[in-house]
Amino acid sequence: VTDPADRHLEERLHALARGIRAPIVPAEDDVRRGRRRLLRLRVAMAGATTGTLAVVLGLTALTAGDPTATEPPLTTQPPSPTSTPPASPSVDTERDTTGRQQPGGGDANTGAVGSADHGEPGDIGSVDGGTAPARPDATAVRDPGAGAPNHGGWPTKGPQASEEPTGAVPTQPAAPTPTETPGDTPSETPTEEPTDPPTVPPTESSPVRLHKVLRYYNDVLAEHVDPEREHLQPYDRTTGHPRRTRDGDTFYALGASYRWTGGGSPPGLTLQVASGWDQVTWECGASSSDWVCHVPDGAAETTTEMAVHDGLRAVAAEHPDGQVVVVTAPVDSDEGDLVAAAADERLTLPGEAAVSPPLLDLATFAAGGQAALVRDDETFAESAHDRSPQVVGSWADDDSGGGTIVWSARPRYSGATWTCQTTYRTCTDVVIDDAGTTVHLGQLKRRAGGGWVVQYDGPSYAVRVSSSDRTFPKKRAYALVTMADWQPTR
Amino acid sequence: LGGTRDDGFTAYVAGRRGHLYRTAYLLCGDPHRAEDIVQTALAKLYVAWPRASRADSVDAYARRVIINSHLDERRRPWRRESPTEEERLDRPAPTGVTPEDSDALWSALRRLGPKQRRVVVLRHYWGLSVEETAADLGVSPGTVKSQTSAALAKLRSVLLADTTRGGRS
């Protein structure tokens with residue numbers, strides 16, 4: 001800097017800088033900060049390296065996992081269940097074209113999603129929305145004679161396929177709806193001929209490819225009902241109305257509709273594969289149902305049933321693992337073909353399937369309930385029942401006491417559990433014996449019909465008794481709900 | 001290895017921290033931001049110490065880190081506000097320069113843009129050549145020259161005007 005003015009400026013700048021008092025900071029502080037920064041950098045680099053490695057390995061695994069080449073042979077039983085039921089499996093559905101009823105031939109009012117009379121909209125499984133399906137209200141059974149008050153309502157939980165309409169059953173495959181399809185989409189198009197037997201079941205692949213599974217179901221059905229593929233069309237995701245009920249990775253139900261061309265059978269075939277009777281629409285055994293049911297020739301009553309309703313023929317078959325398959329077809333369909341199709345154990349839920357407890361026998365449950373709840377000097381007139389199981393009736397004694405009593409059971413695995421509802425005035429837990437057995441007691445509000453509800457959440461079933469008469473002895477209910485007979489295990 | 005790094009770094013910090021702080025202060029004109037810049041720069045320097053210590057001049061490395069840290073500081077949204085004049089009111093008058101001179105110079109420096117201020121600090125406080133300054137700032141020597149010329153012209157005019165006002169008063 002030769003310019004005197006610039007040199008003067010430089011001197012002033014240095015003088016100014018000398019006047020700046022630098023804070024006294026120990027060098028150790030800077031060393032410590034440096035070490036922390038160094039550590040952060042190293043951790044970040046290690047994390048980035050690990051993440052990159054994971055991504056690379058994941059991509060490698062995915063690209064190497066071509067299901068058409070590596071899927072294992074079919075096994076029929078998904079992983080075994082746990083005793084703790086899931087909280088609220090979700091239903092993803094497009095539309096069920098078969099019907100309107102609840103499982104196990106049960107609740108005739110299952111179309112009433114949730115307990116509307118409780119003011120709680122049912123947790124309907126929205127279309128691929130992941131919301132919880134609703135559990136029907138036990139007292140909402142179609143029972144004009146009983147006039148059961150709202151004292152037995154089950155909480156609105158559980159993986160019930162409850163979105164289907166309660167009214168008319170479609171007689172044709174429903175028109176494509178604008179609702180979204182389930183998220184699992186296979187990345188490949190079918191390449192095999194429709195008549196080829198399915199040799200590589202996709203039910204064991206992971207992740208589950210929903211449409212691929214439904215296409216596989218279609219192939220299995222075709223083997224039984226239309227081997228030549230003259231009528232049954234391959235699965236079409238745009239018209240198949242896939243319907244699923246699941247909680248996370250655990251499947252409770254899966255189904256679809258398949259088109260049937262020619263042959264005077266326009267409605268097509270509808271398939272439901274479910275973890276248990278509580279997950280399918282099956283009205284046989286319900287007192288209020290107009291279904292005409294019988295046991296097919298050669299089939300065991302406890303595992304296979306045939307029903308004719310609304311111009312359709314339906315068959316339900318319980319597989320050895322507890323899964324239930326319902327095939328609904330035109331009424332002129334061959335009964336034997338449908339039975340064989342429903343019993344085909346290749347029709348199994350994909351991936352990790354929920355496992356239901358054995359279905360309680362309605363007759364045993366009804367008799368056991370009546371024996372426990374009704375004394376000899378009292379009267380009981382049953383007004384409704386279904387195979388969920390549930391029994392509704394009127395009780396009376398000589399002292400002009402009386403009312404409606406309902407006893408029912410719901411499987412725990414699909415979410416049935418005690419919930420203190422808003423229609424309950426009070427909720428208490430009652431320890432009924434020295435072993436510490438606890439039952440739940442809810443006193444209903446007057447506007448909800450009054451009375452009480454007693455429920456015991458057992459390992460397999462949640463068993464409930466409700467009475468519209470609050471003076472009805474609760475101890476009888478305690479004895480009934482805690483009976484070991486209602487807790488079978490598979 | 002850690003001991004070697006710590007020893008060399010500690011010795012450097014003990015000897016040059018004040019100079020780095022003053023550089024940062026001249027760049028940003030704010031004591032707190034200057035301390036932030038220095039701390040950040042020294043932390044970066046610690047991480048890079050093995051490489052920096054092998055370089056010809058640790059000072060050059062540290063200086064560039066200071067400049068870059070200053071740039072980073074300015075880019076942070078919460079740093080975009082300008083410090084007020086009052087921030088220096090509680091500072092003692094620097095020795096060797098009158099309070100009036102100090103205020104006039106500070107005012108002149110504040111009126112420079114960030115790029116011109118960096119050029120002035122590097123060239124007239126650090127005493128770097130045009131080429132060294134250009135290398136530090138990552139610009140061409142021509143840019144350094146033009147910015148130096150413009151900055152000095154502005155400083156002269158500001159200082160002259162300030163001196164004139166001081167003379168009138």
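This is a predicted model: local features need pLDDT of at least 70, side-chain atom pairs count only at pLDDT 80 or more; totals for chains, interfaces and linings use all residues.
Residues are numbered from 1 along each chain as its sequence is written, chains are lettered from A in the order in which they are written, and side-chain values use heavy atoms, without hydrogens and water.

**Exercise 1.** Describe the interface of chain A and chain B.

Step 1. Taking contact as heavy atoms within 4.5 Å, 29 residues of chain A touch 38 residues of chain B.

Step 2. Buried area is the accessible area (1.4 Å probe) that two parts lose on being put together, summed over both. For chain A and chain B it is about 3,100 Å², with 68% on carbon and sulfur atoms.

Step 3. A salt bridge needs a side-chain nitrogen of Lys or Arg within 4 Å of a carboxyl oxygen of Asp or Glu. The rule gives two across this interface; one of them pairs A:Asp30 with B:Arg17 at 2.7 Å, N to O.

**Exercise 2.** Characterise the disulfides, which are pairs of cysteine sulfur atoms within 2.5 Å.

Step 1. Over all chains there are two disulfides: A:Cys284 to A:Cys293, S to S 1.9 Å, and A:Cys420 to A:Cys427, S to S 1.8 Å.

Step 2. The link of A:Cys284 and A:Cys293 has -90° about the S-S bond and is left-handed. For A:Cys420 and A:Cys427 the torsion is about 90°, so that disulfide is right-handed.

Step 3. By relative accessible area (buried under 20%, exposed over 50%, partly exposed in between; 1.4 Å probe, protein chains only), A:Cys284 is buried at 1%, whereas A:Cys293 is partly exposed at 32%.
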